[in-house]
Amino acid sequence: MRWRGLTGVLLLLMGSVLAGCGASGKSGAGGGAGGGRTRIVYWVTPEIKDVEGLEEQTREYGDYEKIQAAEYMKLHPEVEIEVQPLAAEELTKKVTASIAAGSPPDLLKDFLGRTAGYAHQGLLEDFLPVLPKEELEDYDPFYRKLYTVDGQLHGLPIYAWTIAVFVNRAIWEAEGKADLLPPEGKGDWTYDQFLTAMRAVAKPDRVWPWWAQFASEQADYCNYGFFWGKGAFVFPPGDYSRTTINSPKGVEALEFLVRMEREKLIPPGTTTLANSELQNMVGQGQTAAWGDSLYAFQWVDTARKQDRLKVPVKLQVLQFPHEPGLKSPMPVGPTAFVVFKQKDEQKRKAVMEFARWLNTPERQRIYCRNARQFPTRKSTGDPLADDANFKLVKQWMDENGMVDLGLTAPAYYQVRVAAMPHLQAAMLGTKKPADALRDIEAEANAILQRN
């Protein structure tokens, strides 16, 4: 069986933890060798926990990476690794502050939309000189191209997510309204069908069907999903010199979201609601649908095992709605290991070797299967070949195409953050949708022209 190899790796990692191998250093990011050992500071995004076969040892984000570090230190006693998990809300601020202070981490696992910005600033090491030809060619050309900035491979991509609509079908079934959803195994629907389905299960001050938040840019893809089905995009494909979100169809999309908020189809306080509230509201039956990656299946299963679901939850994955005659393209967001510039050659070599070790095919399989994401190396194979939902979403990616999110644009993140106050104003009713998009366009284009 394909997963015998995975089980063996997990048992090996578990043994390393129980043996208590290695110890973390106590100094801040960017520290050098301590006590004759090369010290590596490794920061990780919150993307994987409750790992298959290691559930008890990986209850929190960062636990799995600490297991990996312990195993690597056992193999390389000359290396000391400090792992620090970062919460989504603090990640960008902390990394940015560490760069400004001249003490970034040595190794960072993070999203392309952020790491490409560091690469444009010349802050990252180039992996091209250290990768053997066969290892380089094992990476899918699509991801190699995405991670090549100014002729340098600024990171080793480990996996990629896509965002889709998730519904708790059990809520519609309980109301006898499941026929308003696309059939199971299908996902295509229009805006009218979507709105009809949401209205059918809304209950005043008790159930707000569509969960959305505009508190930060972290949920913007779940909001922009309503733009793509109308053919409105932040950037035209391959052109990051201007934004095209301010269009008649873009206005229609934002008006659609505002209408849902006015009809109380979206929870109140959407401009201050934290992402952490989603799981609680799903578990309480207070919301019925939301935008998410395939990792939703993982966290719902975990919540069920921990008795945190107080209502029946039956997940169904669907596409974002679209206009008749159009398709809903899928966004793709890869994550990679990046190494910040090193002054010491020995340490540079040590950090880059650790990054390569973390992204070997067998370890990538574990990551992809547990994060429910798509692999980036050919030899990784298909970690989720037994997952019908994974195959279904991949089919939509092939059929509908992928959104060019502009992730490698030098000012991508600045534009992303700048848009949020204007979207918030539209949801609060202090700006008309047309005015909000006009202001986004003006501010974004000013940023793009400066870059």
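Predicted model: local features only at pLDDT ≥ 70, side-chain atom pairs only at ≥ 80, totals over all residues.
1. Helix H16 is largely enclosed by the rest of the structure, because 13 of its 17 residues are buried. Just after H16 comes Gly 429, whose phi is positive, at about 85°.

2. A second point concerns the packing of two helices, which is described by the angle between their axes and the distance between the axes. Helix H8, made of residues 191-201, packs with helix H10, made of residues 248-262, at an angle of about 10° and with the axes 12 Å apart. Since angles under 35 degrees count as roughly parallel, H8 is therefore roughly parallel to H10.

3. On the side of H8, the contact is made by Tyr 191, Phe 194, Leu 195 and Arg 199, while H10 contributes Phe 256, Arg 259 and Met 260.

4. The cysteines deserve a separate remark. A disulfide is a covalent bond between the sulfur atoms of two cysteines, and the count of disulfides in this model comes to 0. Cys 222 has a relative accessibility of 16% and so counts as buried, the cut-off being under 20%. Cys 368 is buried as well, with a relative accessible area of 0%.

Conventions: Residues numbered from 1 in each chain as written. Heavy atoms only, no water. Buried < 20%, exposed > 50% of the residue type's maximum accessible area, 1.4 Å probe, protein only. Helix = DSSP H or I, 4+ residues; strand = E, 2+ residues; numbered from the N terminus. Axes fitted to C-alpha atoms, helices over the stretch in contact; angles between N-to-C directions. Parallel < 35°, antiparallel > 145°, perpendicular 65-115°, else oblique. Contact = heavy atoms within 4.5 Å. Disulfide = S-S within 2.5 Å.
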